[in-house]
Amino acid sequence: MDGLIMQILEGAFALPVILYTTVGIFLGITVGAIPGLSGDMAIALLLPLTYKVSPAAALGMLMGIYKGSMFGGSISAISFGVPGTPAAAATVEDGYPAKLGGHPKQAMLTALYSSVTGDLISTLLLVFVAVPMAKAALHFGPVEFFALYVFALMMISLLVVGEMKKGIAAAAIGLFIGTIGMDPMMGSIRLTFGISSLRGGIPLIPLLVGVFAVSELMIQFGKECSARSEKRVAEDAAKAAELTDYDPTKDRMSLKIYWSTFKATLIGSGMGTFIGALPGAGSSLAAYMSYGLARKMSRRPEEFGKGTLEGVAAPEAGNSATAGASLIPLFAFGIPGSATAALFGAALIMQGINPGPMMIEENKVIIYTLFVIIIYATFINLFLSYGLIPLYAKLARIKACYLVPTVFALALLGTFASRNSLFDVWVLLAAGVLGIYLRKNEFPLGPLVLGFIVGPGAEKALRQALLMGRGEWTFLLKSPIALSFYALCILSLLLIHFSVKKKLVEED
Amino acid sequence: MMTQKKALLVAAVLLMAFSFGTIAEGAEFPKAKQIRMVVPYGAGGGVDISTRILATHAQDILGQRIDVVCMPAAGGQEGINFVLQQPRDGYTLLVTDYGPLVTTALTEEVNYDLTDWVPLVQITEVVPTFFVLSESPLKDVADWVKTAKDKPESLTVAHGRHLSVPHLPLILFEKTAGLKNTHVPTTGGSEALAFVLGKKVDVGASVPSTIASTVKAGTVRPLAVCSLERVATLPETPTMKELGYDVVLPAWYTVFAPKGVPEETLRVLEEKFIEALNSDGAKEMAAKSNVLLTPYGRDKTAGLYEGTISSLKTILSDVTK
């Protein structure tokens, strides 16, 4: 036994392994921070390299990229209001207002600490209770997934900051965009108007980067260029002056702040681990659901959307908690829970390790070595990111006339590179125009993305369930898990109904 | 005098440089530029991994860099069209299974004809496999056939996407055995496996690599494979053919050149690719990645390509009816 432990520690703390892991985390933070480039892409690109190094080093690096990118995405979300990765879209809701409110450092450090906390919690769960958790996840069939997605759509009502009807309209637009392309069951082509590039559907990354990033960049650029909006320029100058006057003493991070967001962090960690362990749900959904739930359970829900740090902590813990959790079904049954887990599975297979129930038994040393690496990678991520934050925070103070074209070029490049597709670039630009329209008319963007993510999944689950239930709709209610989700939905509807009524009474 | 000599020398050097340039331009294949192998799937998938095994070892043998380019957009059609748009010089090749290339061409409108492609070298073959949970009352294919015949459509079968590599043999099997099941399309083998493990469906259809570890652990029982011979990773599992059902529909991962590439170039590519796939390095890398290399040359590959097209036409004519 002692020999085994020594072997594991020796493997995990070998210098090359630590170096590869650190390089992976650095790469992850960087690609995460660049809109359009995502951790998945970096992992896919580096996959062939993993043939050439030892399993521990290869897996450490890939895991590092995932962890790094989960935090990295929040850097651009907070600094420019442009999510670096799909998973960080929810972080924009409060991260960007927090930065504008003069607290970029607090927001970033909150994001970092809750990221690391969420990651650590889900990693420990992966190490210690992977098998029972995966067994529980297997109870999620189409019936349960459909109920979960219905609940997720209900969450939209919790996300909306401004007018409820605008939020619902935005979600409907997202749902609609999600129906374009091949239908998930019979492969019939919908709403492509004969454009063959649309048959695969609208891709997520270009849509997301377009709606969030391109629109924001174009608006900022428009302000910069337009001579007519002198008033705006003056406003911006005032804002810029504010930022140059930026008072670091008022922006100190403290343990007190960490504790004040701890509840949100825990909500995010729980939600992220849960969603992450479900095959196919994904980190963006986890982030949004964490945000919605944290807002609902917060003592000050009215602060959400205005730059509260709780609104940064919840989605960041949520998306990072999927890192460990998405490996749970992979390790227990060989079922990858996300695109990243699938890539990670491919890397394991290339190393001659078959993910699945026999994996740990057959590869004790390497798997436990990997567990140790995953845990210490969390701390490397913490220190490395801590060191990099001052650097990245400075980025936010670069003049818009330099920053906007640079970020724009990176977004174009990243979008093209993710699938080598020029069509995706057009989607990006079109989504940018849509984003400008929505922003100008004060439609919230979060519900749109959530609708787009949830729609196709919900449709697939519903149709699978109906096939299994031989077309009987009552089949949808024959699962206690599903029933409890529906009960939660009804409960939140009632809560919203009464809170709206109360508000109306108060206004009268 | 000296300067004149120098000038001459410079001129000579320049001339030589230019002439090297021209040699490079019309150089023997593959000296001119790097080779691109386009994969109509995302990175990390089965086709991508197999392609990288070939590319890694073929570039040393060919003496030219090979880039693997993943172009999954529009269900793979973007990658396929990209290859068709490039000059037909053998520097841009396509590596795919029959899904995006053949099935799509037979069910939808595409920009090419199936005769526009020259199958060059087969890298590997994946075999559709039917499986159940170990505790399932269906012990073997005979049980499956009996239950499905007694109560048509009472059994649910989860396969990958509609008309995907595991779905077509299912249709063929039902046709051959004269039975009907309820088909549940999923996003792929892992979802099908999850549904079987979670007892959401009765039977799953996928490929051996998806279920290998659960089979080893004894939680999943493979019923049959749809190839001519048994699969090395599942030696106990009978083929459908052995059981008396003519369901042989393995999916090849094959390198294609667009029609019009010079014969000499095709010959070089075929020879070097086969050499690369037979190298020890490739074999070792393939064994690590659970890929069983089947390096077939042009003659055999062309036959398999034709064969797949005609079986697919038969199966699909029933489905689309």
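Is Glu442(A) buried or exposed, and how many other C-beta atoms lie within 10 Å?

1. Glu442(A) is exposed, with 10 other C-beta atoms within 10 Å; here a residue is called buried if 20 or more other C-beta atoms lie within 10 Å of its own, exposed if 12 or fewer, and partly exposed in between, with C-beta atoms placed from the backbone. The model is predicted, so that local features need pLDDT of at least 70 and side-chain atom pairs count only at pLDDT 80 or more, while totals for chains, interfaces and linings use all residues. Residues are numbered from 1 along each chain as its sequence is written, and chains are lettered from A and ligands numbered from 1 in the order in which they are written.

2. Most residues other than glycine have a negative phi, and most peptide bonds are trans. Glu442(A), which is not a glycine, has a positive phi of about 60°, and its place is the loop between α20 (422-440) and α21 (446-468) of chain A; helices (H or I, at least four residues) and strands (E, at least two) are DSSP runs, numbered from the N terminus. Lys199(B) likewise has a positive phi, near 60°, in the loop between α7 (189-197) and β8 (203-206) of chain B, and Lys199(B) is partly exposed, with 13 other C-beta atoms within 10 Å.

3. The peptide bond from Phe29(B) to Pro30(B) is cis, with omega near 5°, and Pro30(B) belongs to the loop between α1 (2-25) and β1 (35-39) of chain B.

4. In chain B, six strands form an open sheet with mixed pairing in the order β2-β1-β3-β10-β4-β11, where two strands pair if DSSP finds at least two bridges between them. Its edge strands, each pairing on one side only, are β2 (66-70) and β11 (293-296) of chain B, and the twist averages 25° from one strand to the next. Strands β4 (residues 117-126) and β10 (residues 251-258) of chain B run antiparallel and are joined by eight bridges, with Val255(B) in β10(B) as the bridge partner of Val121(B).

5. The axes of α7(B) and helix α8 (residues 208-216) of chain B come within 9 Å and cross at roughly 30°; axes are lines fitted to C-alpha atoms, for helices over the stretch in contact, and angles run from 0 to 180 degrees between N-to-C directions. Gly189(B), Ser190(B) and Leu193(B) in α7(B) meet Thr210(B), Ile211(B) and Thr214(B) in α8(B), contact requiring C-beta atoms, placed from the backbone, within 7 Å.

Notes:
Two residues are in contact if their C-beta atoms, placed from the backbone, lie within 7 Å.
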